[in-house]
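Hello,

Here is the structure I promised to pass on to you. Have a look at it first, and then read on for what turned up in it.

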Amino acid sequence: MTLSGPLIERLLSGAFICQVTDEDGFRHLQDEATREAIDAYLKPLNRRVASNADQTLFFVAYVHLDQSAREQLSQQLGITLSSLLPLLEWVQLVQEALGRDTLLTAGDVLKPAEFVLKSEDNQSLRERVQLLASDRFFNSQSDALDSQIKQIFRRLKEQGYLLQPHADKQVYLVTSKIDYLIDLIRFIRDEENLPLEDDEPQQEGLL
Amino acid sequence: MTDSRLTSGLLKTGTERLALLGKHAAVLMQAYLTDEIDESAISEQAIKKLVAARILWRPDEQQGLKLRHAVRDLIAEMLVDESRRQVNADVAETLQQLDNQVMAFREAQNRGDYLLAEQFQLRLTQTLDDFNSRLSGHIHSLWHRLNTDFGFVSSLNDKIRENERAQQQISRLLDGLDLIDFDRLIELTQTSGPLRKLLVSQLQKQVSAHYGSLREVQARMLQLMARFRRQQASSLLVHRMSRFLRQHPGFQPGNYALRTQVPVLFNQAEPLKIHAFAALDRSGDADILAQLVQQLPRRQGQALALTAASPVHWPQDEQVAARQQALKQAVEDYYLAVIDGQAPASALAYLEQKQLDWPPEIWLFQVIAEHQGLPLQQKRLLALVCEEAPASQWNEVRIIADVHLTLRPAKDWVHAG
């Protein structure tokens, strides 16, 4: 068990710690004794270490949900929900552009240049990139495909879905926050009983 | 004698036929890839030879020549081509073969034909070796497919199907191994030491190793399958969820943050930034801080000469500047008129008299400003009196209604000077 100052600082700053973003920190957090020690340290700040169900990523949660915490969480929930569709669109777009039938997973390498190349020759892909880039979440003002894709990658990096290991190289790694996204929509589906099981929407139920 | 002649005949034909494989390698390989052989690519003679050698065959009159499955398997095995490699344990067949060979061996031994018995023992050893190598090959192929994530097929659905096929192969192999009844083999070998060694101790060791390996690969295949299925489910989930959100743009789930038990996924605390600043309240730190200050990089380059920078020049709209100039000129004219005694003392009266179109307020401002801008001596010569009144009785704000500019009488000049 070791208490690492930088790790605690990263956690407090709102970072998601996973195998990709911080291998050492992630290993430390997998140890229950370390997590308990960090929890004890964070307790006066009303914070604790939380993880997703598969424990592929760790983040900081509130211990007690007082009024201000709940307000903050509600606000955050609103932001998350409004970003869901653009994020899911992006995930599908990557899948299609790279011609793969599995979802992105943590550790996958993505290069904007490759993306540009694939979209250049494909009108429908290009239109979808354009539509996605102009979405409020990505908020690109540009008409150029190249800068639209750059903006998309930049935003995803800001949001913690991508990691750019070298600032001067346009190579990105997918982080485990993608798992978080999937967990999130799975939760919403189950919680709201969304009719997502059939390929065609059930019209009869609505009539 | 007959045996050696038979062996030499086999050797000759076998070698010839193996050579055929090499001779027509390109054509055969083409057939491996495209299913049928290109009959125009080789001579009729060669085709006849290949058919006779049981390398090619024609399923029926309508179809072209194809590779026999044994050759196909051989090529697949050599290429480690997982899409074609077959697992065909057929343990029962091997066991039957072993049975026969043991019987033949025992008969030869009973007859005292030790030479023949030795040959049967050799054949028995070969059968066992074949069996063992076949099993090893299958197991190797399974591990290979597992470790490459079924990389020889690209789509997830194909991977899932291939995984299912591999799992069936594993169960067939395990079922096959279950057929080996060691009690029966012990009985079969009777008292023969070498046979017992071959059929019991050696085989048992090999079989148990294969068994363990198969069980392991089976468990790993199941894990991989679970991963494939999860990937498939996630992919579908993303697809369907995004379609749902597109179809229901106003979709609003419950506010999970207000529940008694907030789901952990939505309990993401607000980021806290940790700051620290240089503090001088501990004397011990002072030296370190001083050092840090010294280590700060010096500003490079020489200070710029002040003359090098031109004063900031605000771009001024020409029209505005012209109007300002005109106003200033008009006020100056007023001053001159006052000095010449040709103007009323009241600035507003002058404005009216001259029918100037300046707003009165602006006019008064400029008159006052002009007075304030005069050199001290001249200021004393011109008296400026403001006609003002309090704006209300509740505060001290005073409003200037007009100003009176008068030239002081000459007798006051000395005083003023």
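To begin with, what percentage of the 207 residues of chain A count as buried? The figure is 29%. Please keep in mind while you look around that this is a predicted model.

**The two chains**

Chain A contains eight helices and six strands. If you follow chain A from the N terminus, its elements come in the order α-β-α-α-β-β-α-β-α-α-α-β-β-α. Among the contacts in chain A with a separation of 6 or more, 51% are accounted for by residues 24 or more positions apart.

Chain B has 417 residues, and 16% of them are buried. Its elements are 15 helices and four strands. For contacts in chain B between residues at least 6 apart in sequence, 55% join residues at least 24 apart.

**Where the chains touch**

The contact between them draws on 42 residues from chain A and 33 residues from chain B. On the side of chain B that touches chain A, helix H9 (residues 193-247) of chain B gives the most, with 13 residues. That side of chain B is made up of 19 nonpolar, ten polar and four charged residues.

One residue to look up here is Ile274(B), which sits in the loop between H9 and helix H10 (283-295) of chain B. Leaving aside residues up to four places away in sequence, Ile274(B) touches Glu9(A) and Leu12(A). Is Ile274(B) buried or exposed? Ile274(B) is exposed, because it has 9 other C-beta atoms within 10 Å, and the cut-off for exposed is 12 or fewer.

**A buried strand in chain A**

Next, please find strand S3 (residues 57-62) of chain A. Six of its six residues are buried, so S3(A) is largely enclosed by the rest of the structure. In a regular strand, side chains alternate between the two faces of the sheet. In S3(A), Leu57(A), Phe59(A) and Ala61(A) point one way, while Phe58(A), Val60(A) and Tyr62(A) point the other way.

S3(A) pairs with strand S1 (residues 17-18) of chain A in the antiparallel sense, over two bridges. In that pairing Ile17(A) stands opposite Phe58(A). S3(A) also runs antiparallel to S2(A), and five bridges join these two strands. Arg48(A) has Ala61(A) in S3(A) as its bridge partner. S2(A) and S3(A) form a hairpin with five residues between them, and Gln55(A) in the turn has a positive phi of about 55°.

**Two more backbone angles to check**

Most residues other than glycine have a negative phi. Asn46(A) is not a glycine, yet its phi is positive, at about 60°. You will find Asn46(A) in the loop between helix H3 (32-42) and strand S2 (47-51) of chain A. Asn46(A) counts as partly exposed, because it has 15 C-beta neighbours inside 10 Å.

Phe150(B) also has a positive phi, of about 55°, although it is not a glycine. Phe150(B) belongs to the loop between helix H6 (114-147) and helix H7 (156-178) of chain B. Phe150(B) is buried, because 23 other C-beta atoms lie within 10 Å, and the cut-off for buried is 20 or more.

Two bridges link S5(A) with strand S6 (residues 172-174) of chain A in the antiparallel sense. Leu162(A) is found opposite Val174(A) in S6(A).

Lastly, how do helix H5 (residues 112-120) and helix H7 (residues 145-158) of chain A meet, and at what angle? Their axes come within 10 Å and cross at roughly 135°. Because of that angle, H5(A) is oblique to H7(A). The crossing of H5(A) and H7(A) is right-handed. From H5(A), the contact is made by Pro112(A), Phe115(A), Val116(A), Ser119(A) and Glu120(A), and from H7(A) by Leu145(A), Asp146(A), Ile149(A), Lys150(A) and Phe153(A). These contact residues divide into six nonpolar, one polar and three charged.

Enjoy exploring, and do write back with any questions.

Best wishes

Terms used:
Residues are numbered from 1 along each chain as its sequence is written. Chains are lettered from A and ligands numbered from 1 in the order in which they are written. This is a predicted model: local features need pLDDT of at least 70, side-chain atom pairs count only at pLDDT 80 or more; totals for chains, interfaces and linings use all residues. Axes are lines fitted to C-alpha atoms, for helices over the stretch in contact, and angles run from 0 to 180 degrees between N-to-C directions. Angles under 35 degrees count as roughly parallel, over 145 as roughly antiparallel, 65 to 115 as roughly perpendicular and the rest as oblique. A crossing is left-handed if the near helix is turned anticlockwise from the far one by less than a right angle, and right-handed if clockwise. Two residues are in contact if their C-beta atoms, placed from the backbone, lie within 7 Å. Ala, Val, Leu, Ile, Met, Phe, Trp, Tyr, Cys and Pro count as nonpolar, Asp, Glu, Lys and Arg as charged, and the others, Gly among them, as polar. Two strands pair if DSSP finds at least two bridges between them.
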